Amino acid sequence: MAVSTTGVELAFGNTFGIGSIAEDDGLRFVRAPGRVNLLGEHTDYSEGFVFPCAIDLDVVIGFRPRQDRLVRLYSADYDEVVGFSLDRIDYDTEHKWSNYFRGVASVLLKHDIIGRYGGTLRGMDAVVKGDVPEGAGLSSSAALEVASALALLGASGIEVRRASAGESPSPVELARLCQEAENDFVGVKCGIMDQMISLLGQVGSALFLDCRTGAYELVPLPLKGLKLVMCDTGVRRGLLQSEYNRRREECEAGVRLIGEILEERAGLAPHPEPGVGAAPDHGTSRGIQTLRDVSRAEFEDIKEKLPPVIAKRCAHVIGENERVLKGVDALRNGRAEEFGALMNESHESLRDLYEVSCEALDTMVERARTIPGVLGARMTGAGFGGCTVNLVREESVSQFLAEVIPQGQHRAKDKHEFGDSAFSHVPRAFVVEVAEGAGPLNAGR
């Protein structure tokens, strides 16, 4: 799996014309991968810990710089052309896929990133093509944002390097810019995990990331004899139409309430209400800024004082952070079975406490766990549909693919054995490989 530059080049020629390309300003390619999060779901926006890896599904952009500030984009997946000027970047309500590119351009301009590194932001003609399934929880949006950033920088003569030495934005800086674009321009209050792993992924490793400090470590994955198998339920629910932002608000409410309870116990005066127009302060005198700062012991001692729904959300995040730390330790010491058990615990917490699973995801997980050789199975991504990730012994993969999604169900478009409410598209299962992070791409791949 991977997008071929040949197809992108053909689409570019059909849309914009190849013959007029100047020899020194020709068609270039960048790619950014999707990701699967192995552990640490819905912890990133609470400044917690996550453990994703990049996978061999990409968004590729083939682009040719222009001498003006016009951007023309062709989506090969949507078969749509859009255009806008870098002098006026508006949200596009009709071609929403283009807002990820527009948002990144807007943020680069806002912070004068191109000028800071000695370039001039230029327009471009570009073709966008990807094989990261949209809405499947594999981070197609972050892959598009990161590829867009690389294309915009590349068109302006700046190439991002892992060790930039001040010559270009560092991967961490660029990840934060892409996150800002999704938060403020697109309107999804995501954390920074997806953009970080898309930029920093490495073959054979997962990224142990502290979402508060940005500190990260590439941890080798002991996958000899094991495979990562994805099950795409086919259920699609866009993040803006889901309860993603509500979960974030519930976590922030939990931080505020826990802080008030702990301050009261310590005899501290509560914080005054912020004035009109002031930003809310989620921190406390106890030093609690997010759920990352609440220990398991503290939470267990006060959870009965919280509204039941808020208590469940907090319990998931606090427990999930613990699972990431335990999981990283298990893999460092070759305990794959223990890691699989933590994956199972994670799904149950996401299902019962955070309530972001759904019938289709739960069915996939339940089926997977009946197959010998499956060490762990859980939903991955924001939830409400999308994919499960499964850690499967290599000798069991064929049975897994045959039984978790029976062949007749692969072909069905509307009806299948456990009801129309579970799946809205054709479900499928596929093996993924751990891939390298984003960067330029040579023609002919």
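Biologist: Why are α5 and α6 called oblique to each other?

Modeller: They pack at an angle of about 140°, with their axes 8 Å apart. Angles under 35 degrees count as roughly parallel, over 145 as roughly antiparallel, 65 to 115 as roughly perpendicular and the rest as oblique, so this pair is oblique. The axes are lines fitted to C-alpha atoms over the stretch in contact, and angles run from 0 to 180 degrees between N-to-C directions. This is a predicted model, where local features need pLDDT of at least 70, side-chain atom pairs count only at pLDDT 80 or more, and totals for chains, interfaces and linings use all residues. Residues are numbered from 1 along each chain as its sequence is written, and side-chain values use heavy atoms, leaving out hydrogens and water.

Biologist: What makes α5 and α6 count as touching?

Modeller: Contact means heavy atoms within 4.5 Å. Residues of α5 including Pro 171, Leu 174 and Cys 178 meet Gln 195, Met 196, Leu 199 and Leu 200 in α6.

Biologist: How do you know that α5 is mostly covered?

Modeller: Buried means under 20% relative accessible area, exposed over 50%, partly exposed in between (1.4 Å probe, protein chains only). In α5, 12 of the 16 residues are buried, among them Leu 177, Ala 181 and Phe 185. The buried ones pack against α2 (98-110), α3 (113-116), α4 (140-155) and α6 (193-200).

Notes: Helices (H or I, at least four residues) and strands (E, at least two) are DSSP runs, numbered from the N terminus.
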